[in-house]
Amino acid sequence: MTARPGPHARLTGGLLLWYGVLGGAAAWAVHLIAAWSLDELACAAKSERIAGVPLWQALSVAVFVPGVATVGSLLVATLVLRRTGQARAAGAHDRALERSRMLAVVGVWANLLFLTIIALGGVAVLVFPPCQG
Amino acid sequence: MSTTTSTPPGIGRDDLARLAEHWDEPRSLRAWFTTVDHKKIGRRYLVTAAFFFVLAGLSALVMRTQLARPESGVLSPQEYNQLFTMHGTAMIFLFATPMLFGFGNFLVPLMIGSRDMAFPRLNAFGYWVFLFAGLFMWASLPFGAAPNNGWFAYAPLNQDQHNPGLHMDVYALGLLFLGISTTSGAINFIVTALKLRAPGMSLNRVPLFVWAIVATAFMVVFALPALNTDNALLFLDRRFDTHFFDPGGGGNVLLWQHLFWIFGHPDVYIIVMPGLGIVSAVLPAFTRRGVVGYPLIVLAIVAISIVSFGVWVHHMFATGLPQLSYSFFSAASTIITIPSGIQIFAWLATMMLGRLVLRTPLLFVIGFIVTFVLGGFTGAMFALTAFDQQVTDSYFVVAHFHYVLLGGALFPILAGIYFWLPKITGRMYHEGLGRWAFWLVFTGMHVTFFPMHLYGLFGMPRRVYTYRSDLGWDVGNLISSIGSYVLALGLLLVLIGVVHAIRRGRPAGPDPWAGDSLEWSAASPPEAYNFPVIPRVHSLHPTWDERTAESTTTGATKDRILSEGKRTLFTSELDARPERAAQMPEPSFKPLVLAGVLLVFFTALLLGAYPVAVAAVLAVAATIAAWLWPPRRPDEEIGIAS
Amino acid sequence: MTDRGGVVAAATGVEALTTEEPVGRPTGWWGMVMFVATEATLFACLLGSYFYLRFQHGPVWPPDGIDKPKLLIPLVMTGVLVPSSLPVVWAEHGIRRGQRWRLRAGLAATLVMGLSFMALLVIEYREDLTHFTMTTNVYGSLFYVITGFHGLHVSVGLAMIGWLLAASLRGGSFGSHRHERVRNAAIYWHFVDTVWVAILFTIYLSPRL
Amino acid sequence: METTAQTSSRPARRQRRFRPVLPLLSVLLLLAGCSGESPSALNPQGAGAARVNGLWWLLFWISVAVFAEVMALLAWALVFRRGGARVRHGQPVRFVTVAGAGLPFIILVAVYGVGLRDLAALGAGPGRDALTVEVIGHQWWWEVRYAGRSGATANEIHIPVGERVKVRLRTNDVLHSFWVPQLMPKTDLISGETRETWLEARQAGSYRGQCAEYCGTQHAHMAFLVVAQPRADFDAFLDRLDAPARAPQTDAERRGQQTFVQGTCAACHSIRGTGAQGRVGPDLSNVGSRWSIGAGAVPNDAGHLGGWIANSQTVKPGNAMPPQPVDAARLPDLIAYLRSLE
């Protein structure tokens, strides 16, 4: 914390912030495209398997992996929130700090929303047979 | 902000004179065609979109007249089908989006403390293309060749064998043409908001309206390509016998729907989002405080614009896809309600804490809340596949989206018109006229559209040009038709109010509402250069903030006056640190010429004059090449190593 | 700062996390990046349509007795187009140092490679058109529209490169202080290259999977 | 601030501007009561529609409650925050998150669960060997066939009461949508594909259905009737489908049949047991007993039938049947014959 970060660390930190803000969104996008297209296209081909894997298993992966990525994004956003909160408590008042803090608030909430959507999709995978019309 | 350094006294007369010399455009015909001033272009967007609104609105009135009684013969089915298609297409593409782009064009540079958009010539080009594309589409109506397939133009009814004539060619080409304008406008908003904000306006100090416009612009950038793909493939199918949507040739009709709604659902938010931004911009002035929960509203804007891309299949819940596929979209469509809820309660909290100044703009905001909330309920209902299958494509859905679109876009637009009219024209509107207009519009809107929920549930499908009298739909339809006339009367009063204000309104002064954002610190109407001194922003409500105000008077510095040449300030993306002063382009005919050549191109395609189209493409390339041709400069200036 | 823990700590410290990123890009760069983003979405829609139509179509693809696409010419096309980004990069780096000759030479090289690509495309079409056309079936429609649309983009890219070359040959256009347009055209050209790789995979390789 | 907002139970003077809303709500309840003549989704007569009706009322009452909450807060602000009210500068984030996100979250997740349950119920169709009706959409009428039966009818689907009947949907041209509001939500007819849904009526009766997907000029006139009958009547109906159409009994009817078979009619229409075997238009073997002409365009009586034959374009402009050059003297016989086909 005390050492000044080098340019590489700064770049990583800057990108990490964006992962915290938009990571859940990206993960959800992957989840949706994968789950929908696997389901619709496999069923259109009258098959409940994809490359030998049962369709419901493939769909579970399409729920689980993005879900984990969203949790990671949520943790990063929370980290930014805490770090900026500590810096604020220590008396720092600069624009970049407040800006990052606001983005972190957005990130925490957005990730919670995306996590909910992915989870509800997961519930549907449990409830429905993959190809029931 | 130390007071020991020598503070330059505000801006001098000579600086003002130089600014006027560099920025003012003469009042001539030539200047009219060549202008690149974002305020003039914004005004043109507003006026032109309002004109298309009148045409689309009159179409609706004729349709309501036809539907007032069962089995009436005001319109033939062919006429009715063209009118409902043009009504929807024009309201969505030629009114709502351009109107809000008009507000954005006028306001974004003013709100962020800039002197123009990032690409002023591209801005002018976007307007001309919008105008030409709108005329291109409406011109088909007198020839009886207007689009006739509904605004979402499902395949295979849009195919040549089911729908001969030019109707759907006009649709495909018109929307492709218009897409050029929308895309270029969107990119311009994004870059402007990223790079031209006044120093100090970091992302946590950006006005909510600007957030909304930028989010809208991002949605346009990523949603419009799907529509363009769809229309390009449609045109190829119709004219060049490809088989994308033709099951006989191995194509698939549902591909059209997927692509259309990948665009179409974000488009709903493309229309509503700037409206929500207007609400957030209007409230502070009429509650005397900032909107509650700024980061939460930013969250709502960002979250809605992203989630809106993943709900498209809820428009296809009756097409018989697997229920599991539906459920992924059902989940997203359900959860997208939450960010909207956050916004509604943030506005309510703002009103419950502030002091309400009940003027016409606030009335329209209240009308917005009532209407949009009702539309939101039915919207959440559509997220549930089982319920959607019962009411989709019935009048229930017509009621729903008119609640959402009139509530979410028209009411905010009207609020915005009254709110910013003093800024745009320099004159106040007549409050009494404004209140009458509000009550007529509000009453007319609900009387027209509320009964549609009912006769939709009672089994009336949408897009029918007539109905039998023995089905119990007569009374509701008659009420709707009467309501539509009341609504039209209210809108006429809005128009009268605007004309009255321009002709007779009393001068408004720079800040009639004691507003919070930067446009209220510019003159009314603003000078060509917007701000004599580009402010240094210290808070979310710069006009209520003394330090920001000081930065343009006693705290004015040379690097923010920038009177040497037509210049404005570029700042960094997130934290708005000053980067450099940039030279802005002079007026030019080239945007108009380019738009005109494109009009020739699309008209030639429509009429099948392909050699002319090829020639037009070459002309387009030549115009762009000339537009961007770099001026010749000495080697030392551009930096050539010898 | 050499151990991993130190790096992680530095990257997750408040200073790193509040670093402004992206930063300092010119307006033209943003404009071109946004334009490329919308164009890329367009190609994503087209390629998505390809897979959608393919998997809705049935097990046999390409249908109606059309052969799987031959790979020789497309691979040569790839070999010509993908490396053509290198001279642009080289040229751009040159003009940033004020070396006009590198700009001219690099652009000329790219122009030649791009034109070769277009010539190969014509050869490829002449071969294919003897077997099937755009109107044969949906496979034909997809094949010609996607490759043709990409060819159109290569042409636009070539027009940009040619335009830059013409402007640089005149002199007084670009130098170490003024090279934004070179960079913007380069971004577009890289985009056209990248899309080709996606098309190669979709149109030519995926039917063999 | 939360406390002031939430504990304010003082009855607020009702604001003028909210007056239109309550009458409208009462209009809703009123009209819901007297919509007996409508094919109303709120008057369900089958298992599918009943499911959705239950879901609707759940959603409706949730909406009423939340709307009341929003209006109460708005009214509170309008009453107490005008004029001399002092502006408060708090950031009541908790209020916004609880009322705007927390409560909606709970409601929405619960409703999503109910929605999944109902969707699964709609998906649980009849068994494999259930009676199957094949419905083929045409611009702008419905062809109806029964598995294993040679005959066809149009714009009228007979089903046995209390049984779950499988409906197989195809389209001959563009998209249509199969919708019987009182029995079952919509299923689209997709060009090049087959879709399935099912029907079940609790009571004998006629239930109106209509095409719900815009399908061109005469989308408005593409209605049909589901006729739910006791099993015996239904079986009799099926048997008639396999038998030749009723033979002409009178001279007029015989002349009419001759006109039909030898004239242009037979090019497009078929009547079982005669030489008329056209497949373009609806099968007319039982046209006399049908509920309407032109898929709900006009009632099925002699006058309308004559008008339809002479020039259906005045009745249903754009439909595929050209005006018929039938001799005015022969028209009454033709009408008599067609009316006799029950």
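The loop between helix H16 (474-504) and helix H17 (546-551) of chain B is where you'll find Pro525(B). A cis peptide bond ties Pro525(B) to Ser524(B), with omega at about -15°. Keep in mind that this is a predicted model.

- Ala514(B) isn't a glycine, yet its phi is positive, at about 55°.
- With a relative accessibility of 30%, Ala514(B) counts as partly exposed, because that label covers values between 20% and 50%.
- Asp241(B) is another residue other than glycine with a positive phi, this one near 60°.
- Look for Asp241(B) in the loop between helix H7 (208-240) and helix H8 (253-287) of chain B.
- Asp241(B) has 47% relative accessibility, so it counts as partly exposed.

**A helix to check in chain B**
- Helix H5 of chain B covers residues 120-138, which makes 19 residues.
- Most of H5(B) is covered, with 17 of its 19 residues buried.

**Chain A**
- Chain A has 3 helices and 2 strands, and starting at the N terminus they come in the order α-β-β-α-α.
- Its radius of gyration is 19 Å, while a compact globule of 133 residues would have one near 14 Å.
- Along the principal axes, the C-alpha atoms of chain A fill a box of roughly 60 × 25 × 15 Å.
- Buried residues make up 45% of the 133 residues in chain A.
- Take the contacts in chain A between residues at least 6 apart in sequence: 75% of them join residues at least 24 apart.
- Chain A has an accessible surface of about 6000 Å², and carbon and sulfur atoms own 71% of that.
- On the charge side, chain A carries 10 positive and 5 negative side chains, and the centres of these two sets are 16 Å apart.

**Chain C**
- Chain C has 8 helices and 0 strands.
- The radius of gyration of chain C is 21 Å, well over the 17 Å that the globule rule gives for 209 residues, so chain C is more spread out than a compact globule.
- A box of roughly 60 × 50 × 30 Å, taken along the principal axes, holds the C-alpha atoms of chain C.
- Of the 209 residues in chain C, 57% are buried.
- Among contacts in chain C with a separation of 6 or more, 77% come from residues 24 or more positions apart.
- The accessible surface of chain C is about 8500 Å², with 68% of it belonging to carbon and sulfur atoms.
- Chain C has 16 positive and 13 negative charges, and their mean positions lie 9 Å apart.
- Chain C has a cis peptide bond too, running from Glu21(C) to Pro22(C) with omega near 5°.
- Pro22(C) sits in the loop between helix H2 (14-17) and helix H3 (27-57) of chain C.

**Who touches whom**
- There are 5 pairs of chains in contact, and chains B and D share the most contacts among them.
- Chain C and chain D have no contact joining them, and their closest C-alpha atoms are 11 Å apart.

Notes. Residues are numbered from 1 along each chain as its sequence is written. Chains are lettered from A and ligands numbered from 1 in the order in which they are written. This is a predicted model: local features need pLDDT of at least 70, side-chain atom pairs count only at pLDDT 80 or more; totals for chains, interfaces and linings use all residues. Side-chain values use heavy atoms; hydrogens and water are left out. Helices (H or I, at least four residues) and strands (E, at least two) are DSSP runs, numbered from the N terminus. The expected span of a helix is 1.5 Å times one less than its number of residues. Buried means under 20% relative accessible area, exposed over 50%, partly exposed in between (1.4 Å probe, protein chains only). The radius of gyration is taken over C-alpha atoms; the globule rule is 2.2 Å times the number of residues to the power 0.38. Contact means heavy atoms within 4.5 Å. Accessible areas come from the Shrake-Rupley method with a 1.4 Å probe; for residues, only the protein chains shown count as cover. Lys and Arg count as positive and Asp and Glu as negative; His and the chain ends are not counted. The place of a charge is taken as NZ of Lys, CZ of Arg, CG of Asp or CD of Glu.
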